[in-house]
Amino acid sequence: MLIQLPALAVILPLLSAPLCLFLRRSLLAWLFTVIASGLTMLVSITLLQQVMASGTIVYEMGGWSAPWGIEYRIDKLNAYVLLIVSSISTVVLLAAHTSIEKEIPQDRHTLFYVLYLLSLAGLIGVVITGDAFNVFVFLEISSLAAYSLIALGEDRRALWAAYQYLIMGTIGATFILIGIGLMYQMTGTLNMDDLSRRLPEVAQTRTVFAAYAFIIVGVCLKVALFPLHRWLPNAYAYAPSVVTAVLAATSTKVAVYLLIRFTFSIFGISFSFTTVPLQTIFVILGLLGIFAASTTAIFQKNVKHLFAYSSVAQIGYMIVGFSIGTTTGLMATLLHLFNHALMKSALFLALGAVMYRIGSAQLSQFQGLGRQMPFTMAAIVAGGLSLIGVPLTVGFVSKWYLVLAALENGWWPVAVLVLLGSLLALVYVWRIVEAAYFNEPPAGRGAVEEAPLGFLIPVWVLVTANIYFGMDTRLSVQVAQAAAQSLFGVSP
Amino acid sequence: MRDLFAVVMMLGIFGLLSASFFVVMDAVDVAFTEASVGAGISTLLMLTAVTLTGRLEDGERHRPMWALVVVFITGGLLIYGTLDMPYFGSADAPIHQHVAPRYIHDSMQETGLPNIVTSVLASYRGFDTFGEVVVIFTAGMGVLALLTMGSRTGIHRVMADSIFYLMHEQHLILRILTKILIPFILLFALYVQFHGDFGPGGGFQAGVIFAAAIILYAMVFGLSTARRVINRTFFKLLSAIGVLLYGGVGVVSLLNGGNFLDYNVLADDPVAGQHLGILLIEFGVGCTVASVMVIIFFNFSGRREFP
């Protein structure tokens, strides 16, 4: 059965979704979803172990060999991203039952879980596949599910936010599709591995250049790279809390994965970084993103908005690491994928707990919460420290490698700017700490209880992971390094 | 153009014209899909949406200059991209040289299907088609999650019934013609469903045509009459069953020792296995597509009935 694991990673959540529709009771649907997501996580862990031990796994869908059929090709990079997606999804899901009770009407609970599973299956399908068109199909599954999940938010503005995301996301997906079509026209293949071998022959044509431009812009829309990030803050702020936690941690990460896959594996480093002035563009946009978004975050009144802008800034760090164009730089990006997923899922889930108790995420409502919800607020502080990049948290690890990569390459201004960006993070995290610990609760608000265990357990699992992987960096650093080296063609 | 009805009609014409283009380019399967989906059902669904929003665009018209600039850049890049393309129909274009020869020469022996398009769609790249069915299923679930109305009071129902009674008692010719047409549409849908192996057709088109028959009935005889025939829960579950049927074929091939969606292991003879597998998955596609279309239509127009 081990040979079939690659297929199982996708079909487990994919087939659980229609099955889940038959479950009427909310509790039952939740348990079913947790089990499906948990099994997917186990499959991803096994896959990562296999890939680290014995190299790339190839799986032929329908028994047809590539490039005629569709193949799954799991190397260190996507095994690593698979683990991030499936494990965050599972941990966040633990809080779903408690959280959606208050945020989503009872009769839509089953549909919520169906859409959740579809979104998970779509993200995993995008990451695991070795076929460019298959990427598009699964991207559509995950995106459609995400739009609907966001629109389920109780605030009516969620509909508008989902609509904006729908329009921007569809433009992004269409651009990717156009790019894939143009590549197919020039090479006659859709298989990624085959593309990487056949593209260099035609690399100097205008058609391939156009294909590359469309794909990069399309993927960057999905990444929410500054200045294409406009859809993100509202989508994150008005979506149901669980949805924000899981999307913030997984969906932009998958888009960053696609960016790496297309530039490094398919078009190749020499094409991506020499034919097009991509490096310069990305460094500038990444740094602008860090500063513009962090500054905007400082002035937000809603904490969900604040962290959403912070996400845009963190994407900036990933893009900077990526554009340095060295193994260490790419490694920093990959580390930050993992680490940022841990921070933001913890933070947004803790915000969900606050929403559950006081029904709002306005900063003014946070006053005095430090004493009223000590465990939840401690989690937010821990996540915030990790966001700033304080030693002994995961945030430190990725910043460390990012600065290292910039210095290695002689880009010391970039290193300085990255560190300055962290100071901005300190400012916006401090605003929350100040409100929660140094102010009295607003008059007129009754006693607030600590969040229920349904929230505290998953939140603290994530916070512990933030600290654990900040100290014991073996797993993340080893895998990220191996993945980065394999993308640069260096055998470890 | 401010008239949304005209805009929708234009889109329908655009769909029909593109379908004609595809016919000229010898891509009849694509043309058939475009005609039934682009010109047919999506026009219908958009018209249903227009009945909800009102026919005229209102409010200030803003002129988004930046959007126009972006459109021009995109268009320019698209034209730029065509400059180095191989000529249309050129025999030594990469798309005709690399993957296609195997599909053209061997698909008959390997899958036993005369229609190469179906063999690629349902077998060689069957997993993509599975993904597409799930996309449609996701759309249906999204519409259900967002538009399902809670139970309504009886007064609304009575009022709506009387409105529909007035409307639908009057169009006598329309009603009689519809009654005559519907059996033929359903029959044609079944033909398209099961003839997909041999000619243009398959689950996607068949599902859409099947749904069109039901939607036609609902439009002419009223939603409440249609509801007496059609159980909404049934359609919701049917859309899931279609996906499960498709995925189930894949799981059975897993259990028989093949890879996911490897139809060769479904029967003793590989070609018979391919035949069985493709028949089943096409049926799954048809079920999901038809029921999702009906779900979307009913949820759209259901909102109009009980505002």
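## Surroundings of Ala405(A)

In this predicted model, Ala405(A) makes contacts beyond its neighbours within four places in sequence with Gly321(A), Ile324(A), Thr326(A), Thr328(A), Gly329(A) and Ala332(A). Ala405(A) itself belongs to helix H18 of chain A, which covers residues 394–408.

Ala405(A) counts as buried because it has 25 C-beta neighbours inside 10 Å, where the threshold for burial is 20 or more.

Helix H14 of chain A comprises the 22 residues 303–324. H14(A) is mostly covered, with 22 of its 22 residues buried. After H14(A) comes Gly325(A), which has a positive phi near 75 degrees.

Helix H7 of chain A, residues 157–187, can be examined in the same manner. Its 31 residues should span 45 Å at 1.5 Å a residue, and the distance of 45 Å between its end C-alpha atoms agrees with this. Gly188(A) follows H7(A), and its phi is positive, near 75 degrees.

## Packing of H3 and H15 in chain A

Helix H3 (residues 76–93) and helix H15 (residues 327–358) of chain A pack with their axes 10 Å apart and at an angle of about 10 degrees. H3(A) is therefore roughly parallel to H15(A), as angles under 35 degrees are classed in this way.

From H3(A), the contact draws on Tyr80(A), Val81(A), Ile84(A), Ile88(A) and Val92(A). H15(A) contributes Leu334(A), Leu337(A), Phe338(A), Ala341(A), Ser345(A) and Leu349(A). By class, the contact of H3(A) with H15(A) holds 10 nonpolar residues, one polar residue and no charged residues.

## H5 of chain A and its two partners

Helix H5 (residues 109–128) of chain A packs against helix H11 (residues 241–266) of chain A, their axes coming within 10 Å and crossing at roughly 15 degrees. This angle makes H5(A) roughly parallel to H11(A), and the crossing is left-handed. On the H5(A) side the contact is made by Leu123(A), Val126(A) and Val127(A), and on the H11(A) side by Thr250(A), Ser251(A), Val254(A), Tyr257(A) and Leu258(A). Six of the residues in the contact of H5(A) with H11(A) are nonpolar, two are polar and none is charged. Also in H11(A) is Thr263(A), which counts as buried because it has 25 C-beta neighbours inside 10 Å. Thr263(A) and Val127(A) are 136 residues apart in sequence, with 15 Å between their C-alpha atoms.

H5(A) also packs with helix H1 (residues 5–20) of chain A, at an angle of about 160 degrees and with the axes 8 Å apart. H1(A) and H5(A) are therefore roughly antiparallel, and their crossing is left-handed. H1(A) supplies Pro6(A), Ala9(A), Val10(A), Pro13(A), Leu14(A), Ser16(A), Ala17(A) and Cys20(A). These meet Thr110(A), Tyr113(A), Val114(A), Leu117(A), Leu118(A), Leu120(A), Ala121(A), Ile124(A), Gly125(A) and Ile128(A) of H5(A). The contact of H1(A) with H5(A) divides into 15 nonpolar, three polar and no charged residues.

## Architecture of chain B

The secondary structure of chain B consists of 13 helices and zero strands. Its C-alpha trace spans about 60 × 50 × 35 Å along the principal axes.

Of the 307 residues in chain B, 37% are buried. Among contacts in chain B with a separation of 6 or more, 71% join residues 24 or more positions apart.

## Contact between chains A and B

The contact between the chains involves 51 residues from chain A and 44 residues from chain B. On chain B, helices H3 (65–82), H4 (94–97), H6 (116–124), H7 (126–147) and H12 (232–255) each supply at least two residues of the side that touches chain A. H7(B) gives the most to this side, with 15 residues.

The side of chain B that touches chain A has 24 nonpolar, 13 polar and seven charged residues.

Note on methods: Residues numbered from 1 in each chain as written. Chains lettered and ligands numbered in written order. Predicted model: local features only at pLDDT ≥ 70, side-chain atom pairs only at ≥ 80, totals over all residues. Contact = placed C-beta atoms within 7 Å. Helix = DSSP H or I, 4+ residues; strand = E, 2+ residues; numbered from the N terminus. Nonpolar A, V, L, I, M, F, W, Y, C, P; charged D, E, K, R; others polar. Buried ≥ 20, exposed ≤ 12 C-beta atoms within 10 Å, placed from the backbone. Axes fitted to C-alpha atoms, helices over the stretch in contact; angles between N-to-C directions. Parallel < 35°, antiparallel > 145°, perpendicular 65-115°, else oblique. Left-handed = near helix turned anticlockwise from the far one by under 90°. Expected span 1.5 Å × (residues − 1).
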